[in-house]
Amino acid sequence: MARKLRVLIAKPGLDGHDRGAKVVAAAMRDAGFEVIYAGLRQTPEMIVETAIQEDVDVIALSILSGAHMTIFPKVLDLMKENGINDKLLTGGGIISEEDVEKLQKMGVGKLFGPGASTRDAVQYVKEWADEK
Amino acid sequence: MSKNIDKISSRGKTWLKQTEESSKNRDIKFITASSEPVELLATPDMLTDFDYERDLGYPGEYPYTRGVHSNMYRGKLWTMRQFAGFGTPEDSNKRYHYLLKKGQNGLSIAFDLPTLMGLDADDSFSEGEVGLCGVSVSSLKDMEILLDKIPLDKVSTSMTINSPAAILFAFYIAVAEKQGVDPGKLRGTIQNDILKEYIAQKEYIFPPEPSMSIIVDTIEYCTEHLPQWNTISISGYHIREAGATAAQELAFTLADGFAYVEAAMARGLNIDDFAPRLSLFFNAHNDFFEEIAKYRAARRIWAKHLKEKYEAKDERSLLMRFHTQTAGCTLTAQQPENNISRVAYQALAAVLGGTQSLHTNSMDETLALPSEKAVKIALRTQQVLAYETGVPNTIDPLAGSYFVEDLTNKMEQQAEDYFRKIDDMGGVIPAIENGFFQSEIARAAYQYQREIEDKDRIIVGTNDFIEEDEKIEIPLLEIKKEVEEKQIERLKELKQTRDDKKVSNALKQLEEAAAQGKNLMPEFINCAKMYATLGEMINVLKQKYGEYVEPAEF
Amino acid sequence: MSKIIDELTKGILEGNRNAIARAMTTIENEEDGYVRLLSNIYERIGRAYRIGITGPPGSGKSTLTNHLTKILRKEGFKVGIIAVDPTSPFTGGAILGDRIRMHDLALDKGVYIRSMATRGSSGGLARQATELADVLDAAGYDYVIYETVGVGQVELDIAEAADTTIVLLVPESGDIIQSLKSGLMEIADIFVLNKSDRPGAERMQKDLEYALHLRESDHDWHPKVYQTVANQGKGTEELWTEMKNHRSYLDSENHLVNKRDRRLKNRIETVIRQRIEFHFWDDKRKKILKNYLESEKEKLSPYLLAEKMLEKLLKTFK
């Protein structure tokens, strides 16, 4: 049986704006991925535990609250702690170029800003998987 | 008449055929912002059944399609209301005093996310979000500071709060009583619209049934004690922002409104005692005519249902007054100055649609809280519209347009179709629990996105007319850690100085009232006065009602 | 390869969550070594009791699963959950969203949740679901709950993989029992009428009981109807008691052994069928089929072609 890419989509933070996360989930489903949709108000601990249990290839976070500089590093640390840092951590939100650079240095993958195309996101995940 | 229409119709068909054969269209899809196809030309045969008196009537007269007031903007321009709030109660209080001095007589309070979710500032889930997108209020103490030296009998206050609205409202009433102001004199609005939280904004706490019951408590309480207070601002804004089409925004919002009406009537309230205090809140999206048709249809549907289905007698019950905000989701991060013109067109649609008040977004809102200059431009946009364009001088100028009347009818039709579907599911709450609204909206949002990516829909600066190498400057969102620390410190102090015995008694009384199905408003006010916190009250009710979890349906 | 698999096995038996996760992926994708893996853990399975929960969309399956899991956890059991959702037939992708409703179990170390898409497997779902449950079984989980939407074939597969099958209905699903043809009616050991605080519940209960009364049964377990309001936890304790009743019924007179034997037999048959097919359709035979469709279909009947292709193989059976 062909290998299916499994992607975890989760939304940390208190706000309920899940439009972007849902649109990306639908686009990834239509690209043939299996999307584990964890939904709103996910803590870094919940995100990493889910990623372990579901053995996803990719963790994609939608962060609009401005808390990306605390959430991404925390998730990265927990991934290392749990021995799953071979997975890709990526995401989208309102993140300045400066912060994007900092996060990528830490080991976070590509981050998509407002107006980004879901096709680019799908393409990115596919290419990452091919290289792996 | 009908013979004439037949002639027009057959001639129209010939004309359309000739046009299609002889001319070539640009290579894009001609669809509305809601992905509906648009006619090349509107003709009189679209309105064969049109009856002026029945379908439009005169402004201020049933079915109010043309407007709720007889002289509309000649009597009073729409209210230019810009929503704001931030940081500690002290920060916001200073801002309110400044605005009042400048001649504004309405306050608009935005709360931070923890408050919106019914969490105290010292809750672990609040970490990092205290005072960020609005002001943090965890107890009566905070509300006292927020409203310090503001004459509550003279101002009108709008509070954007939903899940814990009744409790924040109780804080407000308690401050008024402490100021010696008769609650009967209080004027203002609480958003208090829980249904759209489940449908779109997702800031819910309890399951729908008990939440509805608390909302009816506020309506019942206001009917008796605060007759000038607007009890619910039934909101389509967030439904649209989540990706709904215009017809979905219209239908789901009005369905919510009718659900509130039915819930209050089921409590035994007289419709004419509370319906005049309900108002609506719509979005102003990009598609100019579609939006105008939406507002016109909304007024007509509301009036018809309130009169015919719910048998309201008081004319004020039939009037659908509404607030509008331009669509935040249409603003682009790319070439943000273009947003000024988007906002202007959207504002024009809202005014042509007869809005009672309007918030215009600032051009930089996609990226961060707006800068002062951007806020000013947004306000000036409204002023130019009001004073320079001449638009407000005549009422509902698009009435009678074949195109606009046809669109208005179609909007009404689509809404009625949705009402039937919702009824078949057993009403708004079962439809929420089945994930009906959520999946309809998610599907529309996805289609909209695909249209953009397929370039069936052009967004200037984003998928066409792109400026290569445009650097998007994202202003640093200042996370003010001091605000959080200050709020936590204040709570700590409060918990040390208040009378714990009184607090636990008041909370116990709240628990009992909830168990007995009593109106909770007097208990909230009592708890507030004993300085029980927002979180403490919410927790008592969580024990009883449980917490809501979304359906997993996509 | 086999070393990796054996290490994975060791991890599973130690209850290591990363190993469990990897093992499940290996099995789902039928990656190299998956047969060895399943054989390795075979002698360690059989302790976990397997429950199937199915019903139409919106009937509250995840919510009920959530509450039952909490009851099981209170009694000290470790619980594995396999949440099955359909794969889109058009794109091959899936959105698996059942975890949303179980978010308060997310950090409980005694709970393991795995989402599974039905993928293309016709008839293979029962086998794969069983195999994933085997991993959890070997890892020391006392209960495994399969949770799936009842649409067509899927719930039959899940019932096949479960020891006790619970079918969930809501007062609005009246038309389902109108037609007794529905597979849901046949597979239930216990019926649950969820959201029973909604109008129409009593009527639905009566209709359901009447339909069950009419149904012919060849064994002495008679499914009963239980009412719950899962989002408030109402009725779930009573349901749990009935589940224990069903378990003791199965334990008596070898019912459980028979059921599991049937499953084992089914599994052997499926493996053989799939392995034969897999090896049979090599490039040469695929080409023969292609040729036939392109140029020989007028001359030769499909039966004769099949006979011809099987000729050699059938000889070895004799």
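**Getting to know a three-chain model**

Visitor: In which loop of chain B does Pro63(B) lie?
Guide: First, a word on labels: residues are numbered from 1 along each chain as its sequence is written, with chains lettered from A and ligands numbered from 1 in written order. This is a predicted model, where local features need pLDDT of at least 70, side-chain atom pairs need pLDDT 80 or more, and totals for chains, interfaces and linings use all residues, while side-chain values use heavy atoms, without hydrogens or water. Helices (H or I, at least four residues) and strands (E, at least two) are DSSP runs numbered from the N terminus. Pro63(B) lies in the loop between helix H2 (52-56) and helix H3 (72-75) of chain B.

Visitor: Is the peptide bond from Tyr62(B) to Pro63(B) cis or trans?
Guide: Most peptide bonds are trans. Here omega is near 0 degrees, and the bond from Tyr62(B) to Pro63(B) is cis.

Visitor: Is Glu311(B) buried or exposed?
Guide: Glu311(B) sits in the loop between helix H13 (288-309) and helix H14 (315-318) of chain B, and its phi is positive, near 55 degrees. Buried means under 20% relative accessible area, exposed over 50%, and partly exposed in between (1.4 Å probe, protein chains only). Because its relative accessible area is 52%, Glu311(B) counts as exposed.

Visitor: What is the relative accessible area of Asp469(B)?
Guide: Asp469(B) is found in the loop between H19 and helix H20 (481-497) of chain B. Its phi is positive too, about 60 degrees, although Asp469(B) is not a glycine. Asp469(B) is exposed, with a relative accessible area of 76%.

Visitor: How many residues of chain A are in contact with chain B?
Guide: Contact means heavy atoms within 4.5 Å. By that rule, 39 residues of chain B touch chain A, and the count on the chain A side is 29.

Visitor: Which residue of chain B meets Asp18(A) in a salt bridge?
Guide: A salt bridge is a side-chain nitrogen of Lys or Arg within 4 Å of a carboxyl oxygen of Asp or Glu. Chain B and chain A have 3 salt bridges between them. In one with an N to O distance of 2.7 Å, the partner of Asp18(A) is Lys202(B).

Visitor: Which helix gives the largest share of the side of chain B that touches chain A?
Guide: Helices H5 (113-116), H8 (195-201), H10 (237-241) and H19 (436-453) of chain B each supply at least two residues to that side. The largest share is 8 residues, from H19(B).

Visitor: How many salt bridges are there between chain A and chain C?
Guide: Here 31 residues of chain A are in contact with 28 residues of chain C. One salt bridge joins Arg6(A) and Glu28(C), at 3.9 Å from N to O. The count between chain A and chain C is 7.

Visitor: How far apart are the C-alpha atoms of Leu310(C) and Phe280(C)?
Guide: Leu310(C) is in helix H13 (residues 302-317) of chain C. Because its relative accessibility is 28%, Leu310(C) counts as partly exposed. Leu310(C) and Phe280(C) are 30 residues apart along the chain, and their C-alpha atoms are separated by 9.2 Å.
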